[in-house]
Amino acid sequence: MRRIRAAAIGAVTLSLALAASACGGGSSTDGGGSNDSPKTLTYWASNQGASITVDKKVLKPELDKFEKQTGIRVKLEVIPWSELLNRILTATTSGQGPDVLNIGNTWSASLQASGALLPWDTKNFDSIGGKDRFVDSALGSTGAQGEDPAAVPLYSMAYALYYNKKMFADAGISKPPATWDELVADGKKLSKDGKWGLGAEGANLSENIHQVFVFAKQHGADFFTADGKPDFTSKGAVTAIKQYVDLMAKDKIIAPGNAEYAQNQSLSDFAKGKTAMVLWQTASATLASLGMKDDEWGVAPAPVRSGTPGSGTSVNSMVAGINLAVFKNTDNHDGALKFVKFMTSDAEQKILNKAYGSIPPVKAAQSDSAFNTKATAALRDTLAKSAAALPQVADESQFETSVGTAVKELLADAAGGRPVTTESVKAKLEKAQQQMPAK
């Protein structure tokens with residue numbers, strides 16, 4: 001997911017439990033839903049650009065193009081990340097949702113469990129050109145393993161380390177850090193005179209999850225067992241979260257005020273030269289909109305504990321991205337499939353991912369030279385070699401809420417000068433695990 005803000009995920013379990021029975025439909029098709037309204041579609045897009053206005057400027061010409069080709073008019077609504085998941089959950093329970101919608105790829109399995117989304121079986125994939133058009137890493141975040149995907153990849157992203165070239169030069173740092181020890185050492189050199197080494201979004205639950213998931217992987221830990229049960233208090237998980245929080249608590253390279261950030265303020269600070277580094281997904285387009293010139297920043301792979309990024313304990317990013325889903329009770333089933341085919345066509349993938357600085361999950365579109373720039377080459381390489389999917393389990397949304405909140409509270413402790421110990425980290429994670437649905 002890109003530019004994820006703190007998603008308040010209330011009553012998720014109840015929402016998902018009610019969803020399957022709440023979603024109705026008109027005269028049904030083989031794939032669910034109906035074709036009662038063949039000339040219109042409603043589309044909920046996620047806020048991918050610097051503002052909702054920017055998104056509308058990107059999407060409207062493409063939707064007009066689709067209408068010209070098919071005669072189907074698309075009613076667009078761009079929804080902020082702070083509202084999107086709750087809007088979707090409300091729609092699954094009421095049955096009053098859009099025909100087509102963007103979802104954060106980490107939500108795929110949770111929403112799949114609701115039964116509200118159209119499954120992408122072989123027939124449906126064939127209708128948009130086949131499943132093999134998409135890269136494997138993106139398909140790995142479309143739902144639970146062994147089930148038909150709940151959505152189709154639309155935009156792919158990965159985390160990278162963005163750094164301010166002038167601040168590095170002024171501090172005598174000749175290259176970006178490749179390991180966490182190097183990042184901490186560089187961060188201490190950069191944290192002076194009211195400026196800080198690294199930015200963070202400490203009150204953003206999803207952002208917290210994305211970061212600590214990678215730290216956990218690097219410590220050989222997963223937050224769920226192989227059979228999908230929560231495992232938040234393993235030694236590796238505790239060590240990983242403490243290492244992340246210690247960037248503020250012990251190493252003091254993250255400003256205490258970042259504990260309250262949840263609306264991309266850390267990226268704004270970076271663009272203004274207040275922070276020298278930030279770990280972010282596809283930041284180039286947003287940095288430009290914030291007035292930062294391309295030659296003022298560099299990009300490098302996110303750090304690892306030692307060596308170089310790769311698989312296993314050398315993972316340095318979650319597989320980030322946006323998926324495109326269809327509500328099962330759509331009243332324009334055939335039109336919805338046509339729209340997904342259009343949005344995932346080679347041509348549209350190039351247009352849309354260029355606009356957002358993301359990577360096309362469609363193989364053929366990646367050959368475009370626009371996806372081999374400094375801004376995208378590191379992201380492509382990470383997605384291909386060293387990114388891992390967040391757990392594709394039905395309880396993933398609750399995981400983001402409970403563990404994301406635990407990390408938020410620990411960062412608040414660090415910002416307030418309260419001690420962050422192994423014991424306090426473990427206690428927070430024990431509480432988070434108790435909040436998960438019983439198995």
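**Entry 1: a helix pair**

I looked up helix H2 (residues 52-70) and helix H14 (residues 346-356), which pack at an angle of about 170° with their axes 10 Å apart. I note that this is a predicted model, in which local features need pLDDT of at least 70 and side-chain atom pairs count only at pLDDT 80 or more, while totals for chains, interfaces and linings use all residues. Residues are numbered from 1 along each chain as its sequence is written, and side-chain values use heavy atoms, with hydrogens and water left out.

Helices here are DSSP runs (H or I, at least four residues) and strands likewise (E, at least two), numbered from the N terminus. Axes are lines fitted to C-alpha atoms, for helices over the stretch in contact, and angles run from 0 to 180 degrees between N-to-C directions. The angle therefore makes H2 roughly antiparallel to H14 (over 145 degrees).

I then listed the contact (heavy atoms within 4.5 Å). H2 contributes Asp55, Val58, Leu59, Glu62 and Lys65, and H14 contributes Glu348, Ile351, Leu352, Ala355 and Tyr356. By class, I recorded six nonpolar, no polar and four charged residues. Ala, Val, Leu, Ile, Met, Phe, Trp, Tyr, Cys and Pro count as nonpolar, Asp, Glu, Lys and Arg as charged, and the others, Gly among them, as polar.

**Entry 2: positive phi**

Most residues other than glycine have a negative phi. I looked up Asp193, whose phi is positive, near 55°. Asp193 lies in the loop between helix H8 (180-190) and strand E6 (196-199). Its relative accessibility is 74%, so Asp193 counts as exposed (over 50% relative accessible area, 1.4 Å probe, protein chains only).

Thr282 also has a positive phi, near 40°. I found Thr282 in the loop between strand E7 (275-281) and helix H12 (284-289). With a relative accessible area of 0%, Thr282 is buried (under 20%).

Note on methods: Angles under 35 degrees count as roughly parallel, over 145 as roughly antiparallel, 65 to 115 as roughly perpendicular and the rest as oblique.
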